[in-house]
Amino acid sequence: SSVSDQAARETAAPDGKRVGGHVGRRRRMAAVHSPLEVEALLVTDIEDGAERRLAAPRRLRRLVALGCALLSAAALAAVAAGGGGRWALAAGLRPGEGGADVGASVGLDERQPSEEEPLKILFVGNSFTYGPADYRSPEKQNNLPRMFKLVAESLGHPVDWQEDSIGGCSAYAHRPSANPAGRNCRDAKANCSAVHSNWVKLSDGCTVNKGITWWPDSSPCPQALERKDFGAWDVVVLQDHSLLPSIPDAVKNYFLPASREYSRVLKQSGRKETYRFGEPLLASYMTWGYYDGVYSQCPGPSGNPACFPFGELSAFVPNCTENRSWFDTVETHVCQSYSLARGYSESLTNGARVVVPAGLAWEAARGSEPLPEVCRATIDSAYGGPGRLAGLELPLRVQNQSYARFKGSEAHRLYRDKGPTYTSPFCDDACHHDHHASAQGMYLNALVFYATLFKSSPIGAAFPQGQTVDGMVLPTIDAADAEALQHIAHDVVLPHLSVWWSGSSYVGDEQSPDDSGSRGIAIPSGFRASKPALSDDI
């Protein structure tokens, strides 16, 4: 999009809130707009055309908390007298309680006031984070950060978030050491490109290394990590290319060095800060397998080769055209899902404190067949043993199997529909979806994030019904799917919290040779995929 189009988007929001740039740079007011709340809101300082958020004094926040307590008392009295709507929500009642019918879910503008400090979370990833839209509603992205905010705030937990997403890219390419702040990309020596997209404007000062490309619906900004617009991050989420965690050598050369670096930076940059969890957390976002598993014996090109300085993924699967050893571990969706889970769980001993098991939740939603022991043993052997997932009987199951409503061909609904003209390589039954999440799939991911990070049940959360969250209109899913997905997230996450939270933020002094970025690997010659390459914005 052009710079003029960008400016138009940033001034067109009907409620006066900035749509472009790093969305979420403001705190929503709670149910009633009192002078105290207005005084305590974060203010915006315009300096040299760039916006900076300034935190309100803690004294004023305490005054707001006192005001909210008085408001709640008044709200209870109003409900007792027959009032409803926002008063019932302000009083902390669930929809339908207190004689008031306020709808099936709580919207962001109707959430109950909370004294809780917002969870400050940064999502680092690619299109499995920013969520490309379904072909029917191209303006409604299946965006993870906004769906997570919808879920969390409907259950009383405010969220401040930012997103650093680049389609088809590796987590390694986002590292802060590779993306210093303050680069002037007009200087050829800086070797960078200034970013502007639908959600990032030029004055945000976001840059990426030369040669890296991005899609308009993404939000590339590696500098967000250390800029900390909301203050110190409570959680930084790390997500990698959709195939990379299933390739052990790529995990060791790309993902784990990135995990270690993020962990070190978080600990070094916030030693005097206050955090929700006592320390800044690095969370690994475990993604899902493809509908029928991987369709090509060799990993295809990423579509963004500058994100892979040691070579594309095929470089880490030697002789893949003749050797099926990797393909045998990812050919079915059950094996691919475990291979991804196993790769992501390695981060628990490489700086990540927690892993968010979204991919395992997808298998539970599908009511998948048991994981073959030979598949599990082969994958584990590449890492020297079973690791942190050893005690899990996989796939995980939903207690009430009626909620596993995405079995068989119904699993198509978890993936993004690209329309009747799209010939999909991801299935053999003439489907029209790709490997990205649909609205249902991404909502499940958001629920798993909520249950994992807050260690609480997501049952009863709001679900996407066309709400506008931070300048983006969400898609719509039906209530029956929402109920099922909430129970799936509950049953996958809460019984196994000790597994998901089994990591350590400690990173030893040892540094693998790959952390320095000095290794190069030649891409095998003569590679040819048996089907169309995985060149979409993965």
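**Entry 1: strand 4**

I began with strand 4, where seven of the seven residues are buried, so the strand is largely enclosed by the rest of the structure. I note here that this is a predicted model. Next I checked which way the side chains of strand 4 point. Val 159, Trp 161, Glu 163 and Ser 165 point one way. Asp 160, Gln 162 and Asp 164 point the other way. Residues on both sides are buried.

**Entry 2: the partner of strand 4**

I then looked at how strand 3 meets strand 4. Strand 3 covers residues 119–125. Seven bridges join strand 3 to strand 4, and the two run parallel. I picked out one bridge to follow by eye. Ile 121 has Trp 161 in strand 4 as its bridge partner. Trp 161 is one of the buried residues I had listed for strand 4.

In what order do the five strands of the open sheet stand? I read the order as 4-3-7-8-9, with parallel pairing. Strand 4 (159–165) and strand 9 (354–356) stand at the edges. Each has a single partner strand, so one side of each is left without a neighbour in the sheet. From one strand to the next, the twist averages 25 degrees.

Strand 8, residues 281–285, pairs with strand 9 in the parallel sense over three bridges. Here I followed Tyr 285, whose bridge partner in strand 9 is Val 356.

**Entry 3: Arg 175**

I left the sheet and searched the loop between strand 4 and strand 5 (192–194), where Arg 175 has its place. Is Arg 175 buried or exposed? Buried means under 20% relative accessible area. Arg 175 has 11% relative accessibility, so it counts as buried. I also looked for what its side chain reaches. The side chain of Arg 175 comes to 2.7 Å from the backbone oxygen of Tyr 172.

**Entry 4: Ser 302**

I turned to another loop, the one between strand 8 and helix 9, and found Ser 302 there. Its relative accessibility is 1%, so Ser 302 counts as buried. Which backbone atom lies 2.9 Å from a polar atom of the side chain of Ser 302? I found the backbone nitrogen of Asn 304.

**Entry 5: cavities**

Next I looked for empty space inside. Rolling a probe the size of a water molecule over the atoms shows where empty space is left. I noted six cavities of 30 Å³ or more. The largest cavity has a volume of about 70 Å³.

I wrote down what lines the largest cavity. Val 334, Ser 337, Tyr 338, Leu 360 and Glu 363 are among the lining residues. Leu 371, Leu 394, Pro 395 and Leu 396 are listed too. By class, the lining has seven nonpolar, one polar and one charged residues.

Which helix gives the most to this lining? Helix 9 does, with three residues. Helix 9 (333–345) and helix 10 (358–365) each supply at least two residues of the lining.

**Entry 6: Phe 454**

I ended with Phe 454 in helix 12, which covers residues 439–454. Phe 454 has a relative accessible area of 12%, so it is buried. I compared its place in sequence and in space with that of Leu 119. Phe 454 and Leu 119 are 335 residues apart in sequence. In space they are 9.8 Å apart, C-alpha to C-alpha. Leu 119 took me back to strand 3, which covers residues 119–125.

Conventions. Residues are numbered from 1 along each chain as its sequence is written. This is a predicted model: local features need pLDDT of at least 70, side-chain atom pairs count only at pLDDT 80 or more; totals for chains, interfaces and linings use all residues. Side-chain values use heavy atoms; hydrogens and water are left out. Two strands pair if DSSP finds at least two bridges between them. Helices (H or I, at least four residues) and strands (E, at least two) are DSSP runs, numbered from the N terminus. Axes are lines fitted to C-alpha atoms, for helices over the stretch in contact, and angles run from 0 to 180 degrees between N-to-C directions. On a 1 Å grid over the protein atoms alone, a cavity is a set of points where a 1.4 Å probe fits but cannot get out, and a pocket is an open set with protein on both sides within 12 Å along at least five of seven lines; lining residues have an atom within 4 Å of a point. Grid points are joined across faces, edges and corners, and a volume is the space filled by probe spheres set on the points. Ala, Val, Leu, Ile, Met, Phe, Trp, Tyr, Cys and Pro count as nonpolar, Asp, Glu, Lys and Arg as charged, and the others, Gly among them, as polar. Buried means under 20% relative accessible area, exposed over 50%, partly exposed in between (1.4 Å probe, protein chains only). A polar contact is a pair of N or O atoms within 3.5 Å; within protein, one must be able to donate a hydrogen and the other to accept it, and residues adjacent in sequence count only if both atoms are side-chain atoms.
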